[in-house]
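Subject: Handing over a structure

Hi,

Here is the structure I promised to pass on. Have a look at it first, and then read on for what turned up.

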Amino acid sequence: MYSANETAVLIPAYKPTEELIPLTERLMEQGYQVVVVNDGSGAESERIFDSLNSSIRVLIHETNKGKGCALKTGFAFIQANLPDCKAVVTADADGQHALSDIIRVGESLDESSAPIVLGSRHFEGRVPLKSRIGNTVTRWIFSAASKVNLYDTQTGLRGFVKSLFSDMAAIEGEGYEYEINVLLWAAEQHVPITEIPIETVYLNENASSHFHVIRDSFRIYSRIVKFSVSSLISFLIDYGLFILLKLLLTSYAPAMSLLYAAVGARIVSSLCNFLMNKTLVFKSNGNFFVAALKYYLLAGTVLGLNYAIMYVLNLILGVPLWITKPMTDLVLFILSYQVQKHLIFKEKQR
C-alpha cells in the first residue's frame, strides 16, 4: 500500500465547476501531490484555476485537446518531475468522486497484484438514463473484444503504479476513447485490473459532463465499429457471390456445388476484407506478406469451419441456406475478430 505522499492525484479539467477548488484542497490536506491539467478551458475558467492552492501543479493546454491528451500530459509530467511518486490516481474535476473513494483507490494499488485499480460504480439510485445505457453497452462490447469482464469501463477514477507511467503516456487516443484504449491495452498485455466499489454520484443529472454521446461514443467503439463495417461489406460480397455461384453450379452434385460456391466467394471477399482490415481497421505497419500469410491461414480455417457447419445444417438437417449462411458467418465473425486483433495485426508490445 502506498502512502499519500507517494501518490499523485491527476485531474484533467475542461471548464471545471467550483467543485474543483474544495476537492483539491481536501486532497492536499490528506498529503497527496495534486496535478491539474487545464485542457484549454478558456478565459471564463481562469478564476477557478487561479483560486487553486499554489502548491498544486497546474499544467496548461492553450487549446482543448481532449481528456486523453490531458491525462497523457499529466502522466508524462509526473514521471519526469515527481521522482518520489510511486502511484497515480486519476479523478474527474466535477466533484463526482468522493474523497474517501479516491483514497481507497490509491491504497488498493500494489505493483504485483493490483497495478491498475478501477473505482467501479454500480449505478444504484437515480442515475441518468444515458449513463446507465452507455456503461451497459460499453461493458458488453469491451467484454466481447477483450475477454475481460469489467463492471464499469467508463469510470474516470483509476489508479496506476509507477511502472505503467510510460505506457499510459504512449497509449493512443486523444478524447474519451483513450480510457477504453487503456483497458484494452491492459487486457492485451495481461496486466491485472482490480475493481473496487465506489459511490455513484451524479450532480445535477451529470450536467457538467462534456461527453458528446454520438461523437465520443463512436471514438470509443471506433475499432470495433470499423471491423464490423469491414466484415459487413465482405459478408455482402461473400453472400452475393455464394448465391450466384450456387445458381450457376446446379449441374454439379449438391455437396460439390456447395464447396465450389463457398470457396469461390470466400477468395474474393477475403481479399477485400484483408486489405480493409490491414489499412483501415487495425492500421498495421507490419510486413505485408507475413500478415497476408497469417490471414489466409485463418481464412482457410474459417472457410473449413464455414463449409462444415453449413454442410451439417443445410444438407443433413435441412436448414435453408438463406438462414444457414448468416448464422454461420456471425459465429465465425467473433472468432475472426479475436484472431486478427491478437495474432495477425497485433501491435508490438511497448
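Before the cavities, a word on the term: a cavity here is a set of grid points where a 1.4 Å probe fits but cannot get out, and its volume is the space filled by probe spheres set on those points. Please also keep in mind that this is a predicted model.

**Inside: the cavities**

The structure has 2 cavities of 30 Å³ or more. I looked into the second largest cavity, which holds about 50 Å³ of space. Which residues line it? They are Leu-71, Phe-75, Thr-90, Arg-158, Phe-160, Met-168, Tyr-178, Glu-179 and Val-182. By type, this lining splits into 6 nonpolar residues, 1 polar and 2 charged.

As for where the lining comes from, at least two residues each are supplied by helix H3 (67-81), strand E6 (158-161) and helix H7 (177-188). Helix H7 contributes the most, with 3 residues.

**A charged network**

Keep Glu-179 in view, as this residue of the cavity lining also takes part in a salt bridge with Lys-67, at 3.0 Å from N to O. The two partners sit in distant parts of the chain, with Lys-67 in helix H3 and Glu-179 in helix H7, 112 residues apart. Are they buried or exposed? Lys-67 has a relative accessibility of 16%, so it counts as buried, and Glu-179 is buried as well, at 7%; the cut-off for buried is under 20%. Through salt bridges that share partners, Lys-67, Asp-92 and Glu-179 are joined into one network.

The whole structure has 8 salt bridges, and here are a couple of others to look up.

One of them pairs Lys-86 with Glu-6, whose closest N and O atoms are 3.1 Å apart. Lys-86 lies in the loop between H3 and strand E4 (87-90), while Glu-6 is in the segment before strand E1 (7-13), so this pair ties together parts that are 80 residues apart in sequence. Lys-86 itself is partly exposed, with a relative accessible area of 38%.

Another salt bridge brings together the side chains of Glu-44 and Lys-15, at 3.7 Å from N to O. This pair, too, links distant parts of the chain, 29 residues apart: Glu-44 is in the loop between strand E2 (33-39) and helix H2 (46-50), and Lys-15 is in the loop between E1 and helix H1 (20-29). Glu-44 is exposed, with a relative accessible area of 55%, whereas Lys-15 counts as partly exposed at 35%.

**Outside: a nonpolar patch**

Now turn to the surface. Leu-271, Leu-275, Phe-288, Phe-289 and Tyr-296 form a nonpolar patch there, and together they have about 510 Å² of accessible area. Which helices supply at least two of its residues each? Those are helix H9 (254-281) and helix H10 (288-316). Helix H10 gives the most to the patch, with 3 residues.

Why does Phe-289 count as exposed? Its relative accessibility is 66%, and the cut-off for exposed is over 50%.

That's what I have for now. Happy browsing!

Conventions: Residues are numbered from 1 along each chain as its sequence is written. This is a predicted model: local features need pLDDT of at least 70, side-chain atom pairs count only at pLDDT 80 or more; totals for chains, interfaces and linings use all residues. Side-chain values use heavy atoms; hydrogens and water are left out. Patches are made of residues with over 30% relative accessible area and no salt bridge: like charges are joined within 9 Å, nonpolar side chains (Val, Leu, Ile, Met, Phe, Trp, Tyr) within 5 Å. Accessible areas come from the Shrake-Rupley method with a 1.4 Å probe; for residues, only the protein chains shown count as cover. A salt bridge is a side-chain nitrogen of Lys or Arg within 4 Å of a carboxyl oxygen of Asp or Glu. Helices (H or I, at least four residues) and strands (E, at least two) are DSSP runs, numbered from the N terminus. Buried means under 20% relative accessible area, exposed over 50%, partly exposed in between (1.4 Å probe, protein chains only). On a 1 Å grid over the protein atoms alone, a cavity is a set of points where a 1.4 Å probe fits but cannot get out, and a pocket is an open set with protein on both sides within 12 Å along at least five of seven lines; lining residues have an atom within 4 Å of a point. Ala, Val, Leu, Ile, Met, Phe, Trp, Tyr, Cys and Pro count as nonpolar, Asp, Glu, Lys and Arg as charged, and the others, Gly among them, as polar.
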